[in-house]
Amino acid sequence: SGSQHMGSVEALLRWNHPEKGLIPPDVFIPLAEESGFILELGSWVLRRALVQLTHWRDDPGVPVRSVSVNLSPLQLAHGAFSSDLHSLMVELGVGAGELELEITEGALVQDFETAAARLSALRDSGISISLDDFGVGYSSMQYLSRLPFDTLKIDKSFVRGLGTEHSSLSIASAIVALARALDKRVLA
């Protein structure tokens, strides 16, 4: 018999505006990026997620052992990001194996070489890297073969269509086969 357990969670940011109600991230994140506020916001999210992880880690009744946090390409491009993240993790006593950073493949197109080098350095320090929303961005096989990542996350548009659209099943199956061939984890 199989067992089900939860070991990892993803931090998701939502904005509940006092007058406009829930504003989805695909609306407010681009605004934060355009204004430059994403650096401060991203830093706040990382801190909150890692502090929460330490609370869960200290509670034997909670099985969560790692947290996944979305990373803006502007955060990755910021020169101090890696050292700031390292300092935060040291301050909070969070080990590299307890954090996964998620980035969309489209975020890597503008300066692929720099982004890949920075992701590689983060990964070398023990932080897991996940390629998010895979299948709807640029999906270049050349990029994929040169990117340092641990997990491919199949975009929700293909997952929603499973069981109703033959093409969704075909694409999801191909992504799973691709991830396995590259010896990567795959999430849907």
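Tutor: A residue counts as buried when its relative accessible area is under 20%, and as exposed when that area is over 50%. The model discussed here is a predicted one.

Student: What does the side chain of Ser68 make a polar contact with?

Tutor: The partner is the side chain of Glu102, at 2.6 Å. Beyond its neighbours within four places in sequence, Ser68 is in contact with Val9, Glu10, Ala11, Glu100 and Glu102.

Student: Which residues of the largest nonpolar core touch the most other members?

Tutor: As a general idea, nonpolar side chains tend to be buried together in soluble globular proteins. In this model the largest nonpolar core holds 37 residues, of which Leu50, Leu85, Leu99, Leu101 and Leu122 touch the most other members. The elements giving two or more residues to this core include α2 (38-57), β4, α4 (81-92), β5 (99-104) and α5 (112-124).

Student: What volume does the largest pocket have, and which lining residues are the closest to its centre?

Tutor: Rolling a probe the size of a water molecule over the atoms shows where empty space is left. Here the largest pocket has a volume of about 1,100 Å³. It is lined by 38 residues, and the closest to its centre are Glu10, Leu12, Asn70, Asp132 and Asp133. Among the elements that give two or more residues to the lining are β1 (8-11), α1 (25-35), β4 and α3 (73-77).

Student: Where does Ser72 lie, and what are its contacts?

Tutor: Ser72 is placed in the loop between β4 and α3. A relative accessible area of 6% means that Ser72 is buried. Leaving out neighbours within four places in sequence, Ser72 is in contact with Glu33 and Ile38. A polar atom of the Ser72 side chain also lies 3.1 Å from the backbone nitrogen of Leu74. Ser72 and Glu102 are 30 residues apart in sequence, yet their C-alpha atoms are 8.7 Å apart in space.

Student: What is the phi of Asp183, and is Asp183 buried or exposed?

Tutor: Most residues other than glycine have a negative phi. Asp183 is not a glycine, but its phi is positive, at about 60 degrees. Asp183 sits in the loop between α8 and β8 (185-187). Its relative accessibility is 69%, so Asp183 counts as exposed.

Student: How many helices and strands does the protein have, and what share of its residues is buried?

Tutor: The protein has 8 helices and 8 strands. Of its 188 residues, 36% are buried. Among contacts between residues at least 6 apart in sequence, 66% join residues at least 24 apart. The accessible surface comes to about 10,900 Å², and carbon and sulfur atoms account for 55% of this area.

How values were computed: Residues are numbered from 1 along each chain as its sequence is written. This is a predicted model: local features need pLDDT of at least 70, side-chain atom pairs count only at pLDDT 80 or more; totals for chains, interfaces and linings use all residues. Side-chain values use heavy atoms; hydrogens and water are left out. Helices (H or I, at least four residues) and strands (E, at least two) are DSSP runs, numbered from the N terminus. Buried means under 20% relative accessible area, exposed over 50%, partly exposed in between (1.4 Å probe, protein chains only). Contact means heavy atoms within 4.5 Å. Accessible areas come from the Shrake-Rupley method with a 1.4 Å probe; for residues, only the protein chains shown count as cover. A polar contact is a pair of N or O atoms within 3.5 Å; within protein, one must be able to donate a hydrogen and the other to accept it, and residues adjacent in sequence count only if both atoms are side-chain atoms. A nonpolar core is a set of buried Ala, Val, Leu, Ile, Met, Phe, Trp, Tyr and Cys residues joined through side-chain atoms within 4.5 Å. On a 1 Å grid over the protein atoms alone, a cavity is a set of points where a 1.4 Å probe fits but cannot get out, and a pocket is an open set with protein on both sides within 12 Å along at least five of seven lines; lining residues have an atom within 4 Å of a point. Grid points are joined across faces, edges and corners, and a volume is the space filled by probe spheres set on the points.
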